[in-house]
Amino acid sequence: MLGGFNVGHETPKKLAYTKEHEWVNVEDGKARIGITDFAQDQLTDVVYVELPTEDETLSQGDAFAVLESVKSVSDVYAPVDGTVVQVNHELEDSPELINDDPYGDGWIVVLDMHDASQAEDLLDHEEYVDHTEA
Amino acid sequence: MDPDTFRQARWDEPTLFDLDEGPAPEGPFDHETTNEANLPDEHARETVGIPTVPRSRLTRHLTRQAQMTFGVDTGTYPLGSCTMKYNAKMPEPLAHEPDLLNVHPLAREEDAQGILALLYQLQEALAAIGGLPHVSLQPAAGAQGEFVAMRMVRERFRDLGEISEETRCEVVVPDSAHGTNPASAAMAGFEVLEIPSGSDGCVDVKALEDAVSERTAAFMLTNPNTLGIFERDVEKIAEIVHDAGAMLYYDGANLNAILGKTNPGAMGFDIMHFNVHKTFATPHGGGGPGAGPVACTEELAPYLPVPRVKKGKDGLYVLDDGDERSIGAVKGFHGNVGVLVRALAYIRQHGSDGLTRVTETAVANANYLYQRIKDAYPAPGEALKKHEFVVTAEGLWEENGVGATEVGKRLLDYGIHAPTVHFPINVKESLMIEPTETETREALDALVDALLSIGDEAPGVVREAPFNTAAGRVDDVHAARNPLLTWDQVQRDQDGS
């Protein structure tokens with residue numbers, strides 16, 4: 001119940017991150033994207049998710065999804081350029097997956113990356129933890 | 001201050017549908033149906049679905065609902081940005097005058113001179129208060145006023161031949177803007193560009209300079225801003241926007257802070273809306289009705305919604321339908337006339353000196369409150385507050401998990417409505433407090449005492465509040481995820497489970 005109140009946040013070491021609190025898992029030129037445990041905790045309970053459509057082309061920094069909680073509405077930004085190849089439609093009926101399992105069942109999209117080198121510019125685990133503690 | 005002095009009634013009251021006694025005995029709403037209008041069969045219904053409830057039970061039902069409701073007639077209602085001032089009762093009988101109530105909106109102008117005169121006087125009064133000469137009373141509420149203004153700006157630039165995919169296609173808003181601003185701009189066909197506020201919560205003039213260009217159609221601003229701080233650079237802001245060839249729009253949300261002191265026209269705005277239901281004390285909250293008149297410069301006047309009331313030959317008031325440049329009608333006939341009449345009554349009752357005192361008292365009340373609570377609930381920036389202010393409960397949140405939501409919920413137990421919480425989002429655990437001019441010194445002190453004592457109460461108690469209200473902690477997450485908004489939905493939900 002007490003989001004943000006003395007809760008330690010999980011930040012898996014194998015993932016890449018953005019300053020806007022997205023996580024990125026790059027495999028074979030595909031980037032699976034969600035929001036971090038820290039982000040879901042700040043948002044509090046997500047009650048509605050607006051998703052992109054498959055085949056949508058995104059540029060780095062584009063807002064591609066909207067997460068609505070009881071407290072606020074937040075955009076999710078594309079960490080890299082890419083084409084949407086998979087969308088987690090489960091979130092439409094079960095937005096709570098973002099809170100319950102942000103790095104697992106709460107994933108949002110998979111992008112087919114246009115430029116694999118962009119992944120190198122993302123934050124690593126340590127840099128992201130520093131960013132959230134700053 | 002004792003939270004145990006307040007008790008809200010708690011009825012286990014069924015809905016009117018639950019109380020339905022079935023088909024009514026003979027009466028004016030006889031259930032026997034005929035299809036004299038020859039409606040297609042699929043559109044003809046056996047009943048209209050209105051429950052039959054004895055009058056005595058209906059009255060008790062409504063009275064019990066009222067007893068379980070919190071309103072400005074019940075207690076202090078410091079809901080920031082909503083200007084929940086006590087609604088003067090004086091305009092009510094005036095708005096209920098049969099001669100006003102029974103005028104048909106299609107009556108001939110010469111038969112409706114009385115109401116047209118009132119609407120004309122209100123147009124004149126709003127033009128003076130806003131410092132912008134031309135007014136349409138038609139928009140139904142503030143958000144529709146914003147939409148109307150953005151549509152007018154769009155039509156103006158279309159006539160100037162400046163609208164294209166690359167030019168006058170964008171509306172700029174500060175990140176502290178009310179959510180309706182970007183929504184209205186988007187509905188009017190513009191892209192929205194949000195700019196970050198400076199560390200003092202005001203417009204970052206440098207960021208604005210970088211954001212505006214020939215792409216910009218308008219910049220939307222409210223002054224004082226959402227943090228209740230007066231944008232001191234407003235003249236510079238107007239210059240930057242106008243140098244880019246764009247229009248400056250004033251959101252009237254915070255007009256209660258400047259009445260008689262300055263006005264949007266003097267600050268350099270081209271177009272604005274009024275929330276007459278807020279600023280001029282006609283009942284609001286819970287969804288209206290409101291009214292959101294729009295005022296503008298000479299340049300934009302041809303684009304205003306019509307009809308507008310003008311003074312014709314022989315001093316008769318006439319309805320003017322403008323020409324093809326008008327964006328047309330946005331609401332039936334003349335807008336929410338009942339609300340408009342109340343607004344005029346309030347304005348006339350106060351006069352310009354009285355309206356100035358409204359603002360002075362509203363600002364003094366807000367600053368009194370702020371000075372008394374700022375050690376426990378600090379605010380970003382040192383600037384003098386206007387009619388409202390935003391403080392943070394971050395300290396309490398970090399310390400013991402009592403955040404803005406918890407403070408708001410607990411205030412209800414003291415018989416005080418919660419402030420606006422978690423808005424604006426550029427302040428963490430924000431509480432946005434607007435006492436208005438109608439709260440007495442005693443009421444303000446009671447609010448201070450309640451806020452301070454909540455900070456000292458056992459966090460476990462505060463987190464479970466409210467206790468003294470008709471409903472305790474509601475599950476807003478469940479409600480937002482599974483909204484049941486109509487009786488039909490409730491029944492389908494019950495059948496399904």
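**View 1. Glu457(B) pairs with Arg410(B).** The side chains of Glu457(B) and Arg410(B) make a polar contact of 2.6 Å. The model shown is predicted. A second polar contact, of 3.1 Å, links the Glu457(B) side chain to that of Tyr414(B).

**View 2. The setting of Glu457(B).** Glu457(B) sits in a loop of chain B, between helix H14 (441–456) and helix H15 (459–464). With a relative accessible area of 18%, Glu457(B) counts as buried, because the cut-off is under 20%. Leaving aside residues up to four places away in sequence, Glu457(B) touches Pro3(B), Arg410(B), Tyr414(B) and Val462(B). Among these neighbours, Arg410(B) is a polar partner at 2.6 Å, and Tyr414(B) is another at 3.1 Å.

**View 3. The interface of chain B and chain A.** Here 14 residues of chain B contact 14 residues of chain A. The two chains bury about 1100 Å² between them. Carbon and sulfur atoms account for 61% of that area.

**View 4. Salt bridges and polar contacts across the interface.** Two salt bridges are found between chain B and chain A. One of them is between the side chains of Glu96(A) and Arg481(B), at 4.0 Å from N to O. Two residue pairs are in polar contact across the interface, both at pLDDT 80 or more. On the side of chain B that touches chain A, the elements giving two or more residues are helix H12 (394–400) and helix H16 (476–481) of chain B. By class, this side of chain B has six charged, four polar and four nonpolar residues.

Conventions:
Residues are numbered from 1 along each chain as its sequence is written. Chains are lettered from A and ligands numbered from 1 in the order in which they are written. This is a predicted model: local features need pLDDT of at least 70, side-chain atom pairs count only at pLDDT 80 or more; totals for chains, interfaces and linings use all residues. Side-chain values use heavy atoms; hydrogens and water are left out. Contact means heavy atoms within 4.5 Å. Buried area is the accessible area (1.4 Å probe) that two parts lose on being put together, summed over both. A polar contact is a pair of N or O atoms within 3.5 Å; within protein, one must be able to donate a hydrogen and the other to accept it, and residues adjacent in sequence count only if both atoms are side-chain atoms. Helices (H or I, at least four residues) and strands (E, at least two) are DSSP runs, numbered from the N terminus. Ala, Val, Leu, Ile, Met, Phe, Trp, Tyr, Cys and Pro count as nonpolar, Asp, Glu, Lys and Arg as charged, and the others, Gly among them, as polar. Buried means under 20% relative accessible area, exposed over 50%, partly exposed in between (1.4 Å probe, protein chains only).
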